[in-house]
Amino acid sequence: MRAMQNHHPRHYAIVPAAGSGSRMGAARPKQYLSLLGRPLIHHALSVLCAAPEIDKVFVVLSVDDREWARYDWSALGDKLVPLFCGGATRADSVLGGLRTIAGDVAQSDWILVHDAARPCLAPWHIDKLVRELAHDEVGGLLAVPVADTLKRADAHRHVAETVPRDSLWQAQTPQMFRYVMLRRALEGASDATDEASAIEAAGLRPRLVQGDATNLKVTYPLDLHLAEWILQNREGLK
């Protein structure tokens with residue numbers, strides 16, 4: 001790793017994209033489904049690659065990924081680097097990416113992990129995250145306060161209780177942490193569902209940076225239509 005002395009932290013993005021997206025019920029992995037004529041993952045990658053704050057964008061793919069090579073990614077420039085080291089889980093893929101780039105980054109560099117299935121990432125999301133966390137000792141994540149009333153269900157899908165939504169936030173991505181801190185956290189919490197939960201398991205408290213609902217995650221077929229509408233109407237949503 002590069003020495004930390006007199007080092008101005010850089011920003012690197014990691015996009016784990018080794019999953020199958022089984023809940024979409026599609027024949028191909030979710031990240032390659034068509035959205036406005038391009039693979040779903042292309043939209044977020046184009047924003048990350050265009051962000052002046054970000055030096056490199058690493059896409060962590062499955063070792064046996066056969067879809068990536070079918071598309072032309074050249075328009076995204078030299079920032080984009082595919083890594084065929086994905087694992088069985090999101091945490092495995094992110095950790096595999098961190099291990100692979102160890103020789104190219106410094107321990108104090110920032111890593112922004114973004115979901116491949118969040119195609120509506122906008123430049124202002126990245127800008128706000130980077131600015132608000134620039135001097136934070138831990139790092140943090142984009143998130144939005146929960147607006148809906150939440151119900152906890154029993155085993156038969158009957159309401160067991162209403163959960164107070166005060167102080168509850170819905171986590172989004174990017175999630176931004178120092179390289180060394182994130183790697184150590186994931187090494188010790190391989191079952192983490194996101195990077196923030198791994199950091200929390202290490203006894204640290206990530207900061208919540210308020211995003212907005214347009215940064216949605218495509219999980220079900222209807223979400224593709226919502227993402228398409230957002231991307232086509234983005235200028236009016238600022």
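Predicted model: local features only at pLDDT ≥ 70, side-chain atom pairs only at ≥ 80, totals over all residues.
User: Why is Thr 173 called buried?

Analyst: Buried means under 20% relative accessible area. Thr 173 has 1% relative accessibility, so it counts as buried. You will find Thr 173 in strand β10.

User: What makes the link between the side chains of Thr 173 and His 114 a polar contact?

Analyst: The distance here is 2.8 Å, and a polar contact needs a pair of N or O atoms within 3.5 Å. The side chain of Thr 173 also reaches the backbone nitrogen of Asp 115, at 3.0 Å. Leaving out residues up to four places away in sequence, Thr 173 touches several others, including Arg 90, Leu 142 and Asn 215.

User: Why are β5 and β11 said to stand at the edges?

Analyst: Good one to check on the structure. The open sheet has seven strands, in the order β5-β4-β1-β6-β10-β7-β11, with mixed pairing. β5 (80-83) and β11 (207-210) each have a single partner strand, so one side of each has no neighbour in the sheet. From one strand to the next, the twist averages 30°.

User: How do you know that β4 and β5 pair?

Analyst: Pairing takes at least two bridges between the strands. Strand β4 (residues 56-61) and β5 have four bridges, in the parallel sense. As an example, Val 60 has Leu 83 in β5 as its bridge partner.

User: Which strands does helix α4 lie across?

Analyst: Helix α4 (residues 179-188) lies across β6 and β10, and runs at about 115° to β10.

How values were computed
Residues numbered from 1 in each chain as written. Heavy atoms only, no water. Helix = DSSP H or I, 4+ residues; strand = E, 2+ residues; numbered from the N terminus. Axes fitted to C-alpha atoms, helices over the stretch in contact; angles between N-to-C directions. Contact = heavy atoms within 4.5 Å. Buried < 20%, exposed > 50% of the residue type's maximum accessible area, 1.4 Å probe, protein only. Polar contact = N/O pair within 3.5 Å; in protein donor to acceptor, adjacent residues only side chain to side chain.
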